[in-house]
Amino acid sequence: MLLYRTDKGAVTIQDGQAYATEGEWDDLVNDDVLADRLASVVENSVPNPALLNAIHSPLPPLVSQEIWAAGVTYFRSRTARMEESEVAGGGDFYDRVYAAKRPELFLKATPHRTVGTGQAMHLRKDSKWIVPEPELTLAVSSKGKIIGYTIGNDLSCRDLEGENPLYLPQAKTFDRCASVGPALLITRDPLPKETTISLTIRREGAKVFEESTTLANLKRSPEELVEFLFRDNSHPKGCLLMTGTGIVPPDDFSLRPGDMVEIHIEGIGRLVNTME
Ligand code: DO4
Ligand code: MG
């Protein structure tokens, strides 16, 4: 089932039908048995076709939740970071975190820095090398239970993070630096390893980059990342956790204003943003 946050309230989609879903968003995403709750909505209510319009321009699937992120969870990301930070000594520390027991975790964005599908993301003015990072994103309840999945774009300034690892917060966190959506996939089951994540970038209508990966290349399990994220760190409203990127455009590529970034994850949908 897909759960959308819309200006008409929460909407559950099952088999192409839309169902009005009672409840505040912050309560829904902290319900550890949300899949059962939505199944009961579908079973006990009549579909409302008018709500299918509302999901065409959904709101980002968060209200009070922070967005956290994991890094260097794919071999591709490890290699790209080692190259970009070679002068700063990064030839070593990214490799070490890739292999370490403890993952890299950081606070990526708060709700006011986050946009949803169809909204513009912001290219930091003091960076000349900015790339999208397409990431499977976990919806986690306040008790640390993964209740669903969405798509995330961890927009990142590679020149800033490559210059000095202490600049990572500035490379990652700024106005409209994160996009999530379009909906939460609510399921009791883990996502299959064959699940594909694809990134397409269009400039003036033409495709300038396209690549895919699968969850088989994600080195750490979602549960392992959540376990570390919740160590002595409470999330009273639940949180979203981006799980790292396995796709990195070539080193001579940087986003430009007007570029259209589209991320697709099988079973969840498409997250589309223009760059400003
Ligand atoms: O260490 C820098 C950030 C890594 C990251 O965001 C990723 O691998 O996705
Ligand atoms: Mg990332």
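Visitor: Through how many residues does a hairpin join β1 to β2?
Guide: This is a predicted model, in which local features need pLDDT of at least 70 and side-chain atom pairs pLDDT 80 or more, while totals for chains, interfaces and linings use all residues. Side-chain values use heavy atoms, without hydrogens or water; residues are numbered from 1 along each chain as its sequence is written, and chains are lettered from A and ligands numbered from 1 in the order in which they are written. Strands β1 (residues 2–6) and β2 (residues 9–14) pair in the antiparallel sense over five bridges (a strand is a DSSP E run of at least two residues, a helix an H or I run of at least four, both numbered from the N terminus; paired strands share at least two DSSP bridges). The hairpin that joins β1 to β2 passes through two residues.

Visitor: Which residue in the turn between β2 and β3 has a positive phi?
Guide: Five bridges join β2 to strand β3 (residues 17–21), and these strands run antiparallel. Within this pairing, Val11 stands opposite Ala20. Two residues separate β2 from β3 in their hairpin, and the turn residue with a positive phi, about 50 degrees, is Asp15.

Visitor: What relative accessibility does Arg176 have?
Guide: Arg176 lies in the loop between α7 (168–172) and β12. Phi of Arg176 is likewise positive, near 50 degrees. Arg176 counts as partly exposed because its relative accessibility is 28%.

Visitor: Which residue does a cis peptide bond join to Gly181?
Guide: The residue in question lies in strand β12 (residues 178–186). The omega of this cis bond is about 5 degrees, and the partner of Gly181 is Pro182.

Visitor: Which strands are at the edges of the open five-stranded sheet?
Guide: The order of the sheet is β7-β17-β16-β13-β14, with mixed pairing. Inside the sheet, six bridges join β13 (residues 196–203) to β16 (residues 260–265) in antiparallel fashion, with Ile197 partnered by Ile265. Two strands pair on one side only, namely β7 (120–121) and β14 (206–214).

Visitor: How far apart in sequence are the parts tied together by Glu133 and Asp154?
Guide: The magnesium ion (ligand 2) is coordinated by Glu133 (OE), Glu135 (OE) and Asp154 (OD) at 2.0 to 2.1 Å (donors are N, O and S atoms within 2.8 Å of the metal, or 3.2 Å for Na, K and Ca; water is absent, so sites may look incomplete). Glu133 is buried at 3% relative accessible area, and Asp154 is buried at 0%. Because Glu133 lies in the loop between β8 (130–131) and β9 (134–140) and Asp154 in strand β10 (residues 146–154), the parts that the pair ties together are apart in sequence by 21 residues.

Visitor: Which residue forms a salt bridge with Asp36?
Guide: The protein is divided into domain 1 (2–54) and domain 2 (66–275), with bounds from an automatic or database assignment. Their C-alpha centres lie 27 Å apart, and two salt bridges are found across the interface (a side-chain nitrogen of Lys or Arg within 4 Å of a carboxyl oxygen of Asp or Glu). With the closest N and O atoms 2.6 Å apart, the partner of Asp36 is Arg188.

How values were computed
Buried < 20%, exposed > 50% of the residue type's maximum accessible area, 1.4 Å probe, protein only.
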